[in-house]
Amino acid sequence: MNSRTKINIQLQQENAELKKRIRDLELDLATFRRIEKQKRVKVKHNNAVAEQKSAEEALRESEQKYQDLFEKSKDAILIICNHKFVDCNQAAVQMLGYNNKKELLQTHPSQLSPATQPDGKSSLIKADEMISIALKNGSHKFEWDHVRANGEVFPVEVLLTTISNEEGNQVLHTVWRDITNRKRSEEALKAAELKYRTVADFTYDWEIWQDSDGSFRYVSPSCQRITGYMADEYYQNQNLLTDIILPEDQHSWKNHQRAQEENPGQHETEFRIRRKDGQVRWIEHACQPVHDERGNCLGVRGSNRDITDRKRDEAVQSAQMRLIGYAEDHTVTELLQKFLDEAEILTGSAVGFYHFLEDDQETLLLQTWSTNTLQNMCTAEGVQRHYAVSEAGVWVDCIRERKPVVYNDYGGLPHKKGLPEGHAPLIRILVVPVFREEKIVAILGVGNKKCDYEAHDVKTLQKMADLVWETFVRKQAQEETILLMSAVEQTDEIIIITDPQMRIKYVNPAFSQTTGYSRGEVIGRTPSILKSGKHDDLFYQELLETISDGKVWKGYFTNKKKDGTLYEEYATITPIKNTDGHIKNYVAVKSDTTAERKIQDQLRQSQKMESIGTLAGGIAHDFNNILAVILGCSELAADKTSERPELAKLIREILKAGVRAKDLVGQILMFSRSTKMEKKALKAVPIIKEVCKFLRSTIPSSIEIRQNITSKSDLVMADPTQLHQVLMNLSTNACHAMKERGGVLEISLEDVLLSEDTADYPDLKGGPYLKLTVKDTGHGMDTENLNRIFEPYFTSKEQGEGTGLGLAVVHGIIKDHGGAIKVTSEINKGTTFEVLYPRMVQPAALENLDQERASVPGGTESILFVDDEEAVVFPAKLMLERLGYCVVGVTSASEAIEAMKKNKDAFDLLITDKTMPKMNGFDLAREIRILEKDIPIIICTGFEDQADKMKAQGAGISALIRKPIRKEKLASVVRDVLDSKTATLILL
């Protein structure tokens, strides 16, 4: 039932209700008239007064009842007489938007309609037409546009009834119902239908919609591509779909329709159709009833998909499996004949033949014809007869051309030769060669298909030809059978063969290697022993239904090994049928894809981390500019604090923090460029204390931090930022393990002396080491997690709480420093990490942030300093001026060029930022060199890469230094560049 039928039913119901109300009103009106007459009768006897009073009372009751019905009606009711409103109910006043009944009754009926109706006719003319129909029929229902008091036009459904009053005048009784919402619903329905049609018109499948009576309401354009018939032909012939279904499939189609009628719901079936051009195609049909909100069936929606290619592939696979089974207990000749019979069925042919080609590539040996050819079409002799290729006809063109040949017009070929007496007449032929090691070993031919051979026939025949050759060779040479079995036994692919009840009959060694089950443990059992619980019952039910129907199933499993470990695998499960068509076995070929999935996950994670690295490099420039301001201004301020020790201490702390931030930026850049940072001699204790101080301010108070430092010589050669990172990572991991219940985080540092043959650290040489221990009292780890914690991307944390890179990076840093890391853990008791760093015995010069160089080189030359940020220019200019230089600072490349143009000889050195808007530092250097060829140039950058270094060398840049620049380094570089006689690139 379509939407319009639904609306019509609703309208009929509403119409019946209106008519009932009108009948009630008319009965009340008749009563009113009867009592009115009684009122005018003169009473001639003494009881007349009592009767008159009774009549008047009845009249009042009738009037009241009529008035109640009139006023309480939800629909608008208006009474028109002599083209004027004589009465209306409150619903009419509200519907039309008037203030009161009096105001409405003063209007003329024509004022409540627009000039024209939706069909374009004049409202006055059309109103006369509607009244005429009502006068003729007694009543008339129609739709009309009316106008509210505010000018809004809205649709109503009008029931117009004519009534004659006592004076003989025609009274128009009108009942109006606002149908605005219904109209909107109809428009929405039209829009929904248009949307459905728009989507369905462009779907690849052939979509249909049949009404409840089976007639086509909609047929998508894809019908022409699939069936050859246009949509209009289905509308004209409502039985066309049934007509094109092949006779042998009509029974299953009728069963499908009967099932749909008896048990409405989603149903699927498959059948074959004959296209308009005669081709036979397989169709997968799915349908489902469509209901309205009341549960009424509006029709059936169907979707049809051309599955011919899939059916062909399945048919080829089934045929191949049947041939494999057939070969078990039949001779080679029987196998070849069976093969030709299958090839005829698959290609729709009536003739089939098979020849071997001998090693000389010149001689053909006829092996057999198909059963149909031998019994019904060909009586010629010649089996085992030798044919010379040079003397044969067009059917050996596949040998000459070394590719399949198709001749759909065999009779018209000019180079064909005559056929032996009794040979089957040929109309069309398809012949394919079988190759082995570049040699043609056999040819397979079929002929006399009812229609032309196509590409899929060639593909099918090639698949079958290859299979039969392999089967023939296996039957001829037992050695190759042994080789094949050996290959099955040695392949990395898991192979399982079961009987129809899914009991395992065979597994290859790859199965045992992957699952941990021996062959003896699984023979006779079902593959359900591998269930992991990751798939629901529906998954296995659909799998079983697929293979039980004789279809091949392909998909992914998450299975469980004997030791409980989960693994991923991709499986192809194929049913094997015997000659009677019954399933004899199921063969599952599986590939362990665990490593592949892991690599894919790692690749995605690597790409994510690469993006993070790119982002890190991108923000480094801006961050270094900020640090340049902090460090520059702090160093300038430090020069003025000699008499204010408290202020001097604060500024030194700022400098320390700035240098630490500078090192962290360096680490970010190292991460983004995969380069190593500089190691230097440093003390480990201050870093440990700094980390503990930081942790105390960030972790919950339920976690206690204990320090146990007994080392007497904490001097190591290390990168301070990486050492900081190792300690932070181990400490935050420990805190994470105690976040739920709290606990104790203990950080220890002690001196150890390893012997040459220590068992705990076999990769380390004997000697002095610093042993850093990070111990927690958290939930601990099991053996499986403990063995994998240093693997990249492995994490035991919940999703979103860790990337799995932290401990892998820690491990890499420690190895890079010549150290080692060891971990022990116990469930619910905690985890302990022990890190060994080579300890320096000889004292080394340590970086001291509290002391500056005793002498900082200066000069009197003129310097042009360029940076797009004023906050960077100001401290750098002041710093250089305090060193004695004459400095001009500008914030754009254009200003720098203009300053150079005014006086080419005014500057001895150009210092410029690399990244600036409009013109970068390298482009500015090129423009300045045009004005002053020999001026030395220093380029500052927050983030340099190998390309920058190569570009700087090619451009003759004197120095390429990374921000932020300390005063001592800036002074040293500037002096070195000014004193240098050649443009040697200085990389800092």
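**Salt bridges, a buried strand residue and a helix**

Let's start with a charged pair: E233 and K276 form a salt bridge, with their closest N and O atoms 3.1 Å apart. E233 sits in helix α8 (residues 231–236), while K276 belongs to the loop between β8 (267–274) and β9 (280–291), so this pair ties together parts that are 43 residues apart in sequence. Both partners are partly exposed: E233 has a relative accessible area of 22%, and K276 comes in at 48%. Keep in mind that this is a predicted model.

Another salt bridge joins the side chains of E270 and K551, at 3.7 Å from N to O. Here the link is between distant parts of the chain, with E270 in strand β8 and K551 in the loop between α19 (537–548) and β19 (553–560), 281 residues apart. K551 counts as partly exposed, at 25% relative accessibility.

E342 is buried, at 5% relative accessibility, whereas K338 is partly exposed, at 22%. With a cut-off of 4 Å between side-chain nitrogen and carboxyl oxygen, the count comes to 39 salt bridges.

I496 lies in strand β17 (residues 494–498) and is buried, with a relative accessible area of 3%. Leaving aside residues up to four places away in sequence, I496 touches I504, Y506, V507, F511, Y586, V587, A588 and K590. P527 is 31 residues from I496 in sequence, and their C-alpha atoms are 8.7 Å apart.

Further along is helix α30 (residues 967–979), whose 13 residues reach 18 Å from first C-alpha to last, close to the 18 Å expected at 1.5 Å a residue. Its buried residues are K967, E968, L970, A971, V973, V974, R975, V977 and L978.

Finally, a word on confidence. The chain has a mean pLDDT of 78, and 75% of its residues reach 70 or more. Over residues 42–46 pLDDT stays under 50, and the model has 4 contacts beyond four places in sequence for them. Residues 799–805 also stay under 50, with 13 such contacts. Where pLDDT is low, the predicted coordinates should not be read in detail.

Methods. Residues numbered from 1 in each chain as written. Predicted model: local features only at pLDDT ≥ 70, side-chain atom pairs only at ≥ 80, totals over all residues. Heavy atoms only, no water. Helix = DSSP H or I, 4+ residues; strand = E, 2+ residues; numbered from the N terminus. Expected span 1.5 Å × (residues − 1). Buried < 20%, exposed > 50% of the residue type's maximum accessible area, 1.4 Å probe, protein only. pLDDT = per-residue confidence, 0-100. Contact = heavy atoms within 4.5 Å.
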